[in-house]
Amino acid sequence: MGYSDLFVSWIMRCIDTAAFSVFVNGELAGFFSSSRVIRQGCSLSPYIYVIVSNVLSKLHNKEATDGLLGHHPHCKELNLSHLSFVDDIVVFTNGSLDSLRNTLEVFHKFSSMSGLAINVAKSTVFAVGRGKQALEAAAGDSGLSISALPIKYLGLPLTTKLMNKNEYDPLITKIKKRFLSWTSKALSYAGRLQLIESVITSMTNFWLAAFCLPQACMDEIESMCSAFLWSGSPNNTSMSKVAWADVCCPFAEGGLGLRRVHEVVLVAGGDWDVTDTGLGSWVWRKILRVRTLAKKFIRMDIKNGQKVKFWTDLWLPAERLIDLAGEIGTQTLGITRNLQICEVFADGGWRFRICRDQHIQQLVEMIHQFPLSLTAHVPDGVFWRNGPGDYGDKFIASNTWQQIRQRKDEVQWSKIVWFPQGVPRFSFITWLVFRDRLSTGHRTSRWVSRKVVGNLFGMEPDPDWDITILHLTTGTYDQITFILLRLVLQVTIYYI
């Protein structure tokens, strides 16, 4: 592979001189040296594998650079020839027979160098367009299997069309299987909430990181989550106590802190001037549809002005200039549509054509009022809005969710229900009582800890529910007393 003898000797010394020991009854049972080189599970294995697999990646890049491996039409601009994930590799070519032969030659060359050969039985060729039959015939002669999209890769479906029920059904099945497992059947309300909040949300977000899920899929996921929370089964939807829209609110607004699936908005960086013609993949078309929402959060950070477009990028606080001036503005000001800021702003001033249009004059005045100075050798950047008037260079999902979700009025009793020292199952039942979803109001007079409550209140507790809550929300207590009062209230409600 071209490594120097010194580097090889370093690696071999790490292997030859390694010693191991085994714990027996809590004590080390002596050391022994390795005699069968690197094996699976050795801590050195991943590092050595990365070094070796990087050689295969370099070989592919060299073949593409030398023109022996034709680029896929959509990968040529990016100079992308392959993608690797652990021991899986996806190679993109132009579909010619020469590219197929050269790709296989790269694998044979790598095999002769490292001793690692591709598994022909697990390797598949996907071909489309002209020359498909000839390419599939050549692949079949090489022992490769032939397939077509959609397929499942790394647990996700790969498809060029709008995702249908059969393609997102693995996600639904996986979530339902987790709900129906025997370990989930004995969970309390609080346990079910924790399962939805951690495990189920993670499953859904894994798919949302790659796809814009269809509305039907999101509705089905939320329906199963609601049914499981209230009944313990994803199939029983008739026992709901609180609407799912009210459940998916922050604690301060009377909810349980969950998020609606459709509020997880994914924004990809791209050209805001792309026309939605209905062409391209279904994922791309869905991304274009959220531009109206996403552009409210984007602001360009102008440094040298070489990447920010004068007309079509969002660099003014108000709006894109092309939206304010219209297409006629490019002719009125004498600035073509694709010019960058650095081509319009030079020597500390703007290069505008003089015009008499009153609307354009107001627009020019607004541009002049915008503070701008170019900094050479510093590239332009992109800012994301994390709050009203707060823009930063990082995307923070929680801040974005707070800005796009539907807000509700805050409730005063949220701090009585949710606090760090609370017991989850007690807090959940108390939350249901405050939501008036349990028939325990007429039984609150049966205070099992009346004396304790009286000592903590500093007065005789009133059996009236509203008066008791008023004392808790408006009274002044030290930290320990306030924690104990809330715990007593929740324990009493739970056991009543």
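Modeller: Aspartate 66 and lysine 62 join their side chains in a salt bridge, 3.0 Å from N to O. The term stands for a side-chain nitrogen of Lys or Arg within 4 Å of a carboxyl oxygen of Asp or Glu. Aspartate 66 is partly exposed, at 45% relative accessible area. Here buried is under 20% relative accessible area, exposed is over 50%, and partly exposed is in between, with a 1.4 Å probe and protein chains only.

This is a predicted model: local features need pLDDT of at least 70, side-chain atom pairs count only at pLDDT 80 or more, and totals for chains, interfaces and linings use all residues. Residues are numbered from 1 along each chain as its sequence is written, and side-chain values use heavy atoms, with hydrogens and water left out.

Across the whole structure, the search finds eleven salt bridges. Aspartate 246 sits in helix 9 (residues 244–247), and lysine 408 in the loop between helix 16 (397–404) and helix 17 (414–417), so the pair ties together parts that are 162 residues apart in sequence. Helices are DSSP runs of H or I with at least four residues, strands are runs of E with at least two, and both are numbered from the N terminus. Both partners are partly exposed: aspartate 246 at 22%, lysine 408 at 33%.

Next, aspartate 301 and lysine 303 form a salt bridge at 4.0 Å, N to O. Aspartate 301 counts as buried, with 17% relative accessibility. Lysine 303 is partly exposed at 29%. Shared partners also link salt bridges into a network of Asp246, Lys408 and Arg435.

Strand 9 pairs with strand 12 (residues 381–387) over four bridges, in the antiparallel sense. Pairing requires at least two DSSP bridges between two strands. Isoleucine 298 faces tryptophan 384 of strand 12.

A hairpin comes next. Strand 1 (residues 19–24) and strand 2 pair antiparallel over five bridges. Phenylalanine 23 has leucine 28 in strand 2 as its bridge partner. Two residues lie between the strands, and asparagine 25 takes a positive phi near 55 degrees. Strand 2 (residues 27–33) is hardly covered: of its seven residues, the count of buried ones is zero.

Asparagine 79 has phi near 55 degrees. It lies in the loop between helix 2 (45–65) and strand 3 (82–85), partly exposed at 48%. Aspartate 347 has a positive phi of about 55 degrees. Its place is the loop between strand 10 (345–346) and strand 11 (349–350), and at 81% it counts as exposed. Most residues other than glycine have a negative phi, and most peptide bonds are trans. The bond from leucine 149 to proline 150 is cis, with omega near 5 degrees. Proline 150 is in the loop between strand 6 (145–147) and strand 7 (151–153).
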